[in-house]
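Please read the following report alongside the sequence and the coordinates. It takes up a few local features in turn.

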Amino acid sequence: ANPWDEEIYLYPDSKYLKEIELRKNQLLIVGHTHYPMNLKSGEGFILNPGSVGQPRDYNPRASYAVIDSVSKKISHHRVNYDVKKYQEKLRKMNWDKKVIDILSRTKN
C-alpha cells in the first residue's frame, strides 16, 4: 500500500503523499488500493496501475499501466472483459455476494 505501512492506503488525495519525496527518475510503484494513479512526487512519480477486479474508482474495466523504460513514459490503459460472466463463475464457486458485486460497480 505504501513504503512504510501496508495498512495505510495511498489514494490521489491521501495526506501521506506529502511524506514521499522522490529523486529524479525515481519511480515508486504501489498497489493494494485498486485505484489507478500516476502522480508527481518531488522529481519522481508514484504509480498505481489499478486492478483487474474490485475497482475502487468505479470503472469496472481492467486497469493496467505500461512503463516505457527508454522514453521514461508511463501510460494507463483500460480493457473491457466479460464481468458478468466472471461474476457468474464466482457465484457458482459460492463467493461472497458483496465481493462479486464490487466487480461491476459504477458511479451513479
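In which strand is Leu39 found? The model is predicted, and in it Leu39 is found in strand S2. With a relative accessible area of 25%, Leu39 is partly exposed, because that value falls between the limits of 20% for buried and 50% for exposed. Leaving aside neighbours within four places in sequence, Leu39 is in contact with Pro12, Leu17, Gly44, Phe45 and Ile46. Leu22, for its part, is 17 residues from Leu39 in sequence, and the two are 11 Å apart in space, taken from C-alpha to C-alpha.

**Aromatic residues**

The structure holds two aromatic pairs. In the pair of Tyr9 and Tyr11 the ring centres are 6.5 Å apart and the planes stand at 50 degrees, so this pair is tilted. Tyr11 also forms an aromatic pair with Tyr35, and this one is edge-to-face, with 5.7 Å from centre to centre and 80 degrees between the planes. Tyr11 lies in the segment before strand S1 (27-29), whereas Tyr35 lies in the loop between S1 and strand S2 (37-41), so the pair ties together parts that are 24 residues apart in sequence. Tyr9, Tyr11 and Tyr35 together form one aromatic cluster. The accessibility of each ring-bearing residue of this cluster is set out below.

| Residue | Relative accessible area | Class |
|---|---|---|
| Tyr9 | 30% | partly exposed |
| Tyr11 | 24% | partly exposed |
| Tyr35 | 27% | partly exposed |

A further ring to consider is that of Tyr58, where Arg105 lies over the face at 4.8 Å from the ring centre.

Is Ser51 buried or exposed? At 12% relative accessibility, Ser51 counts as buried, because the limit for that class is under 20% relative accessible area. Ser51 has its place in the loop between strand S3 (44-48) and strand S4 (62-68).

Definitions and conventions
Residues are numbered from 1 along each chain as its sequence is written. This is a predicted model: local features need pLDDT of at least 70, side-chain atom pairs count only at pLDDT 80 or more; totals for chains, interfaces and linings use all residues. Side-chain values use heavy atoms; hydrogens and water are left out. Rings of Phe, Tyr and Trp (its six-membered ring) pair if their centres lie within 6.5 Å; planes under 30 degrees apart count as stacked, over 60 as edge-to-face and the rest as tilted. Buried means under 20% relative accessible area, exposed over 50%, partly exposed in between (1.4 Å probe, protein chains only). Helices (H or I, at least four residues) and strands (E, at least two) are DSSP runs, numbered from the N terminus. A charge sits over a ring if NZ of Lys or CZ of Arg is within 6 Å of the ring centre and within 35 degrees of the ring normal. Contact means heavy atoms within 4.5 Å.
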